[in-house]
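Please examine the sequence and the structure shown below. The paragraphs that follow lead through a few of its features in turn.

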2 protein chains.
Amino acid sequence: MQRRGGGAGGREGPGERTIVTLEDVARAAGVHYSTVSRALDPDTARQVNVVTRKRVAAVAKRMGYQKDMVASGLKRGRTHTVAVVVGDLGNPNIGPLLRGISNRLEAAGLMPLIVETQNDPARLERIVNHLLSRRVDAFILTAARLGDGPKLRRIRRHGIPVVLAVQSVPGIRLPAITNDDILGGALAAQHLLALGHRRVAQLRGPPDIYSCLQRAQGFSQTIAAAGATEVVLRSTAPMGTAEEGHHLMRQLLDSKRPLPTGIFAHHDLMAFGALSAAEERGLACPRDFSMVGYNDLPNVERMVPPLTSIRLPREELGGLAAEVMVKMLSSADRPPASRKLAPTLVVRRSTGPPRESR
Amino acid sequence: MQRRGGGAGGREGPGERTIVTLEDVARAAGVHYSTVSRALDPDTARQVNVVTRKRVAAVAKRMGYQKDMVASGLKRGRTHTVAVVVGDLGNPNIGPLLRGISNRLEAAGLMPLIVETQNDPARLERIVNHLLSRRVDAFILTAARLGDGPKLRRIRRHGIPVVLAVQSVPGIRLPAITNDDILGGALAAQHLLALGHRRVAQLRGPPDIYSCLQRAQGFSQTIAAAGATEVVLRSTAPMGTAEEGHHLMRQLLDSKRPLPTGIFAHHDLMAFGALSAAEERGLACPRDFSMVGYNDLPNVERMVPPLTSIRLPREELGGLAAEVMVKMLSSADRPPASRKLAPTLVVRRSTGPPRESR
DNA sequence: TCCGTCGCTGCAAACGATTGCGGTAGACCC
DNA sequence: GGGTCTACCGCAATCGTTTGCAGCGACGGA
């Protein structure tokens, strides 16, 4: 039947794509193809005599045999593929995360199948079904939102291992590898407090992102514990963008009370949006107020002002999520525990002592 | 045999992963499973009576049937998967490109399998073999370097459609969707010339990246045609980094001749590295010289100074590459022609008239 | 010598979907 | 009424690999 002729693409040359199968190798080596299968699989290789094994291996190599992972997947029910669902491929945070995941999975003989939901719940639904139909072995979900609980439960009901990365959802019993965003918020607060700020503001990210709630919690707790006063601006947008930061900062500037001296934005982009809103009113950072961002975007040190921000261990987080996934796939024990990774504060020039104290 | 028990991951609940097959649906609908197959495939659905077809569809839906793409792939020799090979997932240019590819492929029922070579030729070799073993339908390669010719030919020899994106290799007969980097270089040159610059410099990117050669060519030609003088600094690093820009700028500053008034860097990061090298000598941009970058990295407008740069249509390019791929897969005609996409110049504050003319 | 064991290999049935071919029943024509 | 045609559906082989089972020598012990 179809010999998988290359069709398009190959022009000059013999080009016709011919697949070397176990049977071809077997014929050439003078054994049954089941023997070839055994000889080539490290797990079963010791079942076959060492001299035939070597001969088979040599013939296979000479003929350029490559196991057909599709057929193998069908037979074994394992495709050695892990679906990695991300919200937005354009997000600069996502690259290092994916690299961490890829590297760790590759070491375990797995391959990530990366798909983007574009933060559209309907797409997520479709995509998950598609991936199930492709028989992926597991899911790594990196963009869960608070409302996704039911969806996550539905995926889990398929009996496929799932781990959450970066974003978690409270109340759901799935292993989650996340940043310690409470700590992140606390670090921002401590930094501002240590500089002497007593009136601070917080520009919150999307309310359905759990890590933003955590950032808020860590920040507010620390501020409150120090007896300082805080004003909170809540975003309603689905993403922490510069526009949203601009918008919230405008609200802050338009309010009657005096401008807080220290501001914590849930995202670097929001921070920059806020900075431009302030500049429009003739205010400068860090002269008139300090600003702490979150995420430590690439090249943020080259911006003006160089932004003090919270740095997250992205690649490490990805690697760890993959690590957990690999464990789940290899042993059927109870799922491993969740982990939180500590972020760090990177101090740059957008923060300083409050004006009053100078 | 194995019923694909979920093993790890599913705890509470029935969890056991059971696959609904054609046969299950057939039994429930009272027909042969081949009929179910035909009824559910739009291409063959008209072969089955409309009432049975509807009944089968209803039963399939009720039972939650999902075609097993693995089995289908084995039988049809088409996995509906396209390998997308990128050099560096951390590169901020890559996100939009991938989104463009993903969206277009998805519309055609294909799925990208994204892998990263980390710019390591040995890895590329391994990865390609692995992907062939997974029976991907095609390749989109986004990080080809000049020395990759033989490797590309080897891939093509497998008879699988290949398109190059972003990076091309001269002399190889593969469809390539690239930026018009000659034009990009020319735009940079025209901009500097129009501002009145007559002594310019060029900080070149890696010599084995074709698009850098093109940028160089477009720039130098335009400069020469205007009778202006140019000095060229050549990088030997494999990537256009800030460090490399810093290094080249140092060379320029250390040379005996007067500093050129206009500088073109082959990458925004190189431009920033160069700017910091200049600042170390007390020189400021655009006061003492103008700087044009390339790639228009995200947030580059927030940097200091906001960088004049060449913007590339990344997402569009990705979509076009996928488009070409889809065409190649659907019709066995001769491969479609290559395409070049025009970049645009984005003028910001890092360029201005030369000092002498003020 | 005979039986049990062990090491190696072949046999054949899966995995789930696709598809050429043939069969059956009804419609239709002559 | 017989023949032909069409529409529909079932049969079974097939994609390439995996794997339980059985066969078959050789060998050792009784």
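For what follows, Ala, Val, Leu, Ile, Met, Phe, Trp, Tyr, Cys and Pro count as nonpolar, Asp, Glu, Lys and Arg as charged, and the others, Gly among them, as polar. The model is a predicted one. With these classes, the surface near DNA strand C has 9 nonpolar, 10 polar and 7 charged residues.

Attention now turns to a sheet in chain B. This open sheet has 6 strands, paired in parallel and arranged in the order E2-E1-E3-E4-E5-E11. Its edges are formed by strand E2 (111-116) and strand E11 (339-341) of chain B, each of which pairs on one side only. From one strand to the next, the twist averages 20°. Within the sheet, strand E3 (residues 138-141) and strand E4 (residues 162-166) of chain B run parallel and are joined by 3 bridges. B:Phe139 has B:Val162 in E4(B) as its bridge partner.

A:Arg135 is not a glycine, yet its phi is positive, at about 60°. This residue lies in the loop between helix H6 (121-133) and strand E3 (138-141) of chain A. Is A:Arg135 buried or exposed? A:Arg135 counts as buried because it has 21 C-beta neighbours inside 10 Å, where 20 or more are required. In chain B, B:Arg135 also has a positive phi of about 60° although it is not a glycine, and B:Arg135 is located in the loop between helix H6 (121-133) and E3 of chain B. B:Arg135 has 21 C-beta neighbours inside 10 Å and therefore counts as buried.

A:Pro305 lies in the loop between strand E9 (290-292) and strand E10 (309-311) of chain A. In chain B, a cis peptide bond joins B:Val304 to B:Pro305, and omega is about -10°. B:Pro305 is found in the loop between strand E9 (290-292) and strand E10 (309-311) of chain B.

Terms used: Residues are numbered from 1 along each chain as its sequence is written. Chains are lettered from A and ligands numbered from 1 in the order in which they are written. This is a predicted model: local features need pLDDT of at least 70, side-chain atom pairs count only at pLDDT 80 or more; totals for chains, interfaces and linings use all residues. Two strands pair if DSSP finds at least two bridges between them. Helices (H or I, at least four residues) and strands (E, at least two) are DSSP runs, numbered from the N terminus. Axes are lines fitted to C-alpha atoms, for helices over the stretch in contact, and angles run from 0 to 180 degrees between N-to-C directions. A residue is buried if 20 or more other C-beta atoms lie within 10 Å of its own, exposed if 12 or fewer, and partly exposed in between; C-beta atoms are placed from the backbone.
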